[in-house]
Amino acid sequence: MKDYPIYNTYQTPSWCPGCGNFGIWYALKNAFHELGLQNHEITMVFGIGCSGNLSNFLKVYGFHSIHGRTLPVASGIKLANHKLNVIATSGDGDGLGIGLGHFIHTCRRNIDITYIIHDNRVYGLTTGQTSPTSPKGFPSKSTPFGVIELPVNPLALAILSGATFVARGYSGEIDHLSSLIVQGIRHKGFSVIDVLQPCVTFNPSYSYPFYNPRVYKLEDIGHNPQDFEKAFKLAMEFNDKIPIGVFYKTERETYEQASIELGEKPLTEDDIEDINIEEIFEELLA
Ligand code: SF4
């Protein structure tokens with residue numbers, strides 16, 4: 001397997017052997033290499049969960065945020081310095097449970113961030129509870145008689161909420177996933193990549209033997225990612241066949257481009273010598 005140790009820290013991943021997070025870790029490094037990004041040119045925001053441990057194994061600028069808040073933190077970073085390449089990652093429990101509202105609002109804002117969802121359909125770090133993407137009927141420690149609700153569909157939600165790049169990858173297809181991450185980072189606007197990430201320990205029913213015979217690539221059927229209706233229809237397909245690839249892609253003004261306060265120059269490059277911070281505090285606290 002290709003590896004680019006320039007992006008490794010001195011720490012060895014602590015994930016369970018066979019965990020799908022390894023595939024995402026390699027795919028990210030492949031993508032950084034292909035894009036020619038140096039360590040200091042990458043800013044990543046991590047969530048809470050097994051996916052968040054990635055913050056220890058990637059040598060980039062990083063912020064290990066609080067549960068469900070990766071996207072607000074990533075948005076703040078992007079707005080402070082919109083020249084940065086900002087990538088946010090979180091698990092399905094983190095990003096689609098407590099963080100679901102932020103997900104929808106980031107889609108409609110179209111901020112130029114790439115968001116990778118480590119979607120293992122379970123809470124892994126807390127040893128196996130039902131998550132927002134657990135399928136109906138799924139038995140777990142928190143739902144021993146099976147989940148009653150329907151799962152959240154992150155792709156359909158992203159398409160309908162205004163994300164301008166919506167894709168699904170599979171951590172068992174690392175080269176394909178790397179290519180999706182490259183496209184997502186290059187895309188100007190909010191790019192969402194939902195990754196089928198087996199949790200071999202706490203969700204073995206949705207592991208490699210389940211996904212390998214089912215996944216197929218949208219490129220192989222000639223899907224046109226600009227076809228909104230077809231993209232939505234494909235996003236609803238998750239049974240004997242599970243599509244991976246770019247579902248939807250369009251161009252729309254980003255939040256940063258539309259914001260008159262930001263302009264060409266990042267806020268971090270503004271000259272603040274003439275600002276009297278004490279006056280501002282006095283005005284705000286009056
Ligand atoms: Fe991976 Fe699941 Fe182990 Fe967490 S508990 S490291 S998601 S296999």
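This is a predicted model: local features need pLDDT of at least 70, side-chain atom pairs count only at pLDDT 80 or more; totals for chains, interfaces and linings use all residues.
The axis of a helix is a line fitted to its C-alpha atoms, here over the stretch in contact, and the angle between two axes runs from 0 to 180 degrees between their N-to-C directions.

**First stop: two helices.** Select residues 154–161, which form helix 5, together with residues 228–235, which form helix 8. Their axes come within 8 Å and cross at roughly 155°. Because angles over 145 degrees count as roughly antiparallel, helix 5 is roughly antiparallel to helix 8. The crossing of helix 5 past helix 8 is left-handed. Now display the side chains at the contact: helix 5 contributes L155, A156, I159 and L160, while helix 8 contributes F228, A231, F232 and A235. By class, this contact of helix 5 with helix 8 consists of eight nonpolar residues, with no polar and no charged ones.

**Second stop: the ligand.** Select the ligand and then the residues that surround it: W15, C16, C19, C50, N120, G124, Q197, C199, V200, T201 and F202.

Select N110, in the loop between helix 4 (100–109) and strand 4 (114–119). N110 has a positive phi, near 55°, and is a residue other than glycine. Is N110 buried or exposed? Its relative accessibility is 0%, so N110 counts as buried.

Continue to R121, in the loop between strand 4 and helix 5. R121 is not a glycine, yet its phi is positive, at about 65°. With 9% relative accessibility, R121 counts as buried, because the cut-off for that class is under 20%.

Key:
Residues are numbered from 1 along each chain as its sequence is written. Side-chain values use heavy atoms; hydrogens and water are left out. A residue is near a molecule or strand if one of its heavy atoms lies within 4 Å of it. Helices (H or I, at least four residues) and strands (E, at least two) are DSSP runs, numbered from the N terminus. Angles under 35 degrees count as roughly parallel, over 145 as roughly antiparallel, 65 to 115 as roughly perpendicular and the rest as oblique. A crossing is left-handed if the near helix is turned anticlockwise from the far one by less than a right angle, and right-handed if clockwise. Contact means heavy atoms within 4.5 Å. Ala, Val, Leu, Ile, Met, Phe, Trp, Tyr, Cys and Pro count as nonpolar, Asp, Glu, Lys and Arg as charged, and the others, Gly among them, as polar. Buried means under 20% relative accessible area, exposed over 50%, partly exposed in between (1.4 Å probe, protein chains only).
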